Amino acid sequence: MLLLDQLDQLAPLGYTVGLHIRFASPLIYKSSYPAAWVDQYNSQSYYLRDPLVFWGVGVEGTTRWSAIPLPDPFSVMKKAATHGLRYGAVSSYGPITSRSIVGIARGDREFTDGELDRLREATIQLHIEAKPPSDLTRAQIEALRCLANGDRHAAAAEKLGITESAFKARLKSARIRLEARTTSEAIRKLREYRQLD
């Protein structure tokens with residue numbers, strides 16, 4: 001994804017992307033921070049104590065880690081620094097019911113104002129591009145689920161009690177609503193949106 005490539009260029013020590021966070025869980029999550037830090041962070045459930053996450057959930061905007069006035073009683077930021085993540089920035093965008101938070105890090109200096117602007121733009125675009133489909137019908141989801149489970153078109157149509165041409169029409173309309181070029185891409189998007197079992 002082009003936007004993630006931009007984050008790679010912007011953040012020498014990596015990034016973490018949590019898109020459309022609902023009920024304390026992101027719809028899409030990706031991190032390129034050092035593997036040892038990601039393992040420690042996840043195994044210790046630091047996201048429940050991370051001042052960056054609290055700031056991102058509570059404030060919509062973009063700032064440097066050093067400017068966040070929240071306390072860090074569990075020393076999450078000090079532990080991150082032991083993995084080289086000494087300087088960073090965080091950007092938060094979207095309604096509180098579906099917030100996206102992106103963090104970036106480096107070890108040598110603070111991020112510039114221009115870099116913060118680039119982070120903000122990337123966060124907004126990631127949030128928009130990852131918007132979960134809200135208007136897929138149950139029939140469209142079922143058609144994609146059949147293919148995801150390995151059924152061929154004829155078998156899936158029979159399973160759903162429709163003609164094969166009606167089945168293909170459902171797939172086409174699902175691709176259009178998901179803005180997917182292929183059925184495989186539509187299935188991948190539904191998996192990312194956690195709408196397939």
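This is a predicted model: local features need pLDDT of at least 70, side-chain atom pairs count only at pLDDT 80 or more; totals for chains, interfaces and linings use all residues.
Which residues is Gly88 in contact with, leaving aside its neighbours within four places in sequence?

Residues are numbered from 1 along each chain as its sequence is written, and side-chain values use heavy atoms, with hydrogens and water left out.

First, the overall picture. The protein chain has nine helices and five strands. Helices here are DSSP runs of H or I with at least four residues, strands are runs of E with at least two, and both are numbered from the N terminus. Reading from the N terminus, the order is α-β-β-α-α-β-α-β-β-α-α-α-α-α. The C-alpha trace spans about 60 × 35 × 25 Å along its principal axes. Of the 197 residues, 43% count as buried. Buried means under 20% relative accessible area, exposed means over 50%, and partly exposed is in between, using a 1.4 Å probe and protein chains only.

Now contacts. Contact means heavy atoms within 4.5 Å. Take the contacts with a separation of 6 or more: residues 24 or more positions apart account for 61% of them.

Back to Gly88. Its partners are Arg64, Trp65, Ile104, Ala105, Glu110 and Phe111, leaving aside neighbours within four places in sequence. Gly88 sits in strand 4, residues 87-93. Its relative accessible area is 1%, so it is buried.

Next, Thr63. You will find it in strand 3, residues 61-64. Is Thr63 buried or exposed? Buried, because its relative accessible area is 15%. Beyond four places in sequence, Thr63 is in contact with Trp55, Ile68, Ala89, Val90 and Leu116.

On to the largest pocket. It holds about 660 Å³ of space. How is that found? On a 1 Å grid over the protein atoms alone, a pocket is an open set of points where a 1.4 Å probe fits, with protein on both sides within 12 Å along at least five of seven lines; lining residues have an atom within 4 Å of a point. Points are joined across faces, edges and corners, and the volume is the space filled by probe spheres set on them.

There are 31 lining residues, and the closest to the centre are Thr16, Tyr29, Tyr41, Tyr47 and Val53. Which elements supply at least two residues each? Strand 1 (15-22), strand 2 (25-31), helix 2 (35-43), helix 3 (51-58), helix 4 (76-81) and strand 5 (99-106). By class, the lining has 23 nonpolar, six polar and two charged residues. Nonpolar covers Ala, Val, Leu, Ile, Met, Phe, Trp, Tyr, Cys and Pro; charged covers Asp, Glu, Lys and Arg; the others, Gly among them, are polar.

Two loops deserve a look. Most residues other than glycine have a negative phi. Ser45, in the loop between helix 2 and helix 3, has a positive phi near 50 degrees. Its relative accessible area is 22%, so Ser45 is partly exposed. Ser75 also has a positive phi, near 55 degrees. Ser75 lies in the loop between strand 3 and helix 4. It is partly exposed, at 26%.

Last stop, helix 6, residues 138-148. Its buried residues are Gln140, Ile141, Ala143, Leu144, Arg145, Cys146 and Leu147. They pack against helix 7 (153-160), helix 8 and helix 9.

How do helix 6 and helix 8 (residues 164-178) pack? At an angle of about 105 degrees, with axes 9 Å apart. Axes are lines fitted to C-alpha atoms, for helices over the stretch in contact, and angles run from 0 to 180 degrees between N-to-C directions. The pair is therefore roughly perpendicular. The cut-offs: under 35 degrees is roughly parallel, over 145 roughly antiparallel, 65 to 115 roughly perpendicular, and the rest oblique. This contact has eight nonpolar, two polar and two charged residues.

Helix 9 covers residues 183-192, and its axis comes within 10 Å of that of helix 6, crossing at roughly 105 degrees. So helix 6 is roughly perpendicular to helix 9. Ile141, Leu144, Leu147 and Ala148 in helix 6 meet Thr183, Ala186, Ile187, Leu190 and Arg191 in helix 9. Just after helix 6, Gly150 has a positive phi of about 100 degrees.
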